[in-house]
Amino acid sequence: YHKLLVVGDVAIIPAPDLDQKIAITNYLIKTARALGNDKPKVALIAATEQVLVKMPACVDASIISKIADRGQVKSAIVDGPLALDVAIDMESVEIKGIKSPVAGDADCLLFPNLESGNVFFKACSKFGGAELAAMVAGPMAPCVLTSRGDTTKTKLYSIALACLSAK
């Protein structure tokens, strides 16, 4: 990917409800801002960019997107539902004809559940060779979150991320 990407939730809440997804969205924004991105673009991930009422991820993403449109989510541009390819790949955006200020250039990804977020996180590391950082946002102080299988560099990055987020 062409820039830093902040993602959540990859390890804590198995099936977040709408209120928890809103909170995670705000934590993503706060983390991106701590890393120097003053107005991050947040993609609300679902299996499709279409609003399909039988898919809870699409419904929740639509609601959060509208909440953001009305100024209830601050300091970010938020859009969804967006399929992963549309969130991060401009060619997919052009092929599908998507009109979105976030599509193809997301800074943050909100996954609909822990399974999808965790699989993405591990696929980036194991298939893509990405060095990652992980922390738990929300407690009084950020908590470093690493896996036994993480590299030393990922563990160091996780400590650094938690320190930057704590200021």
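1. Helices (H or I, at least four residues) and strands (E, at least two) are DSSP runs, numbered from the N terminus. With these names, Asp9 is placed in the loop between E1 and H1. The model is predicted, so local features need pLDDT of at least 70 and side-chain atom pairs count only at pLDDT 80 or more, whereas totals for chains, interfaces and linings use all residues. Residues are numbered from 1 along each chain as its sequence is written, and side-chain values use heavy atoms, with hydrogens and water left out.

2. The sheet. Four strands form an open sheet in the order E1-E4-E2-E3, and their pairing is parallel. Strands E1 (6–8) and E3 (77–82) stand at the edges with a single partner strand each, so one side of each has no neighbour in the sheet. On average, neighbouring strands of this sheet are turned by 20° against each other, direction ignored. Two strands are taken to pair if DSSP finds at least two bridges between them. Axes are lines fitted to C-alpha atoms, for helices over the stretch in contact, and angles run from 0 to 180 degrees between N-to-C directions.

3. Strands E1 and E4. E4 covers residues 108–110 and pairs with E1 in the parallel sense over three bridges. Gly8 stands opposite Leu110 in E4.

4. Cis peptide bonds and phi. Most residues other than glycine have a negative phi, and most peptide bonds are trans. Gly8 is joined to Asp9 by a cis peptide bond, with omega about -15°. A cis bond also leads from Gly80 to Pro81, with omega near 5°; Pro81 lies in strand E3. Ser75, a residue other than glycine, has a positive phi near 60° and is found in the loop between H2 and E3.

5. Helices. Helix H2 (residues 56–69) lies across strand E2 (41–45), E3 and E4, and runs at about 160° to E3. How are helices H1 and H2 packed, in angle and in distance between axes? Helix H1 (residues 18–34) packs with H2 at an angle of about 55°, and their axes are 10 Å apart. H1 is therefore oblique to H2, since angles under 35 degrees count as roughly parallel, over 145 as roughly antiparallel, 65 to 115 as roughly perpendicular and the rest as oblique.

6. The contact of H1 with H2. Contact means heavy atoms within 4.5 Å. Leu18, Lys21, Ile22 and Thr25 in H1 meet Ala57, Asp60, Ile63, Ile64 and Ile67 in H2.

7. Salt bridges. The whole structure holds six salt bridges, each a side-chain nitrogen of Lys or Arg within 4 Å of a carboxyl oxygen of Asp or Glu.
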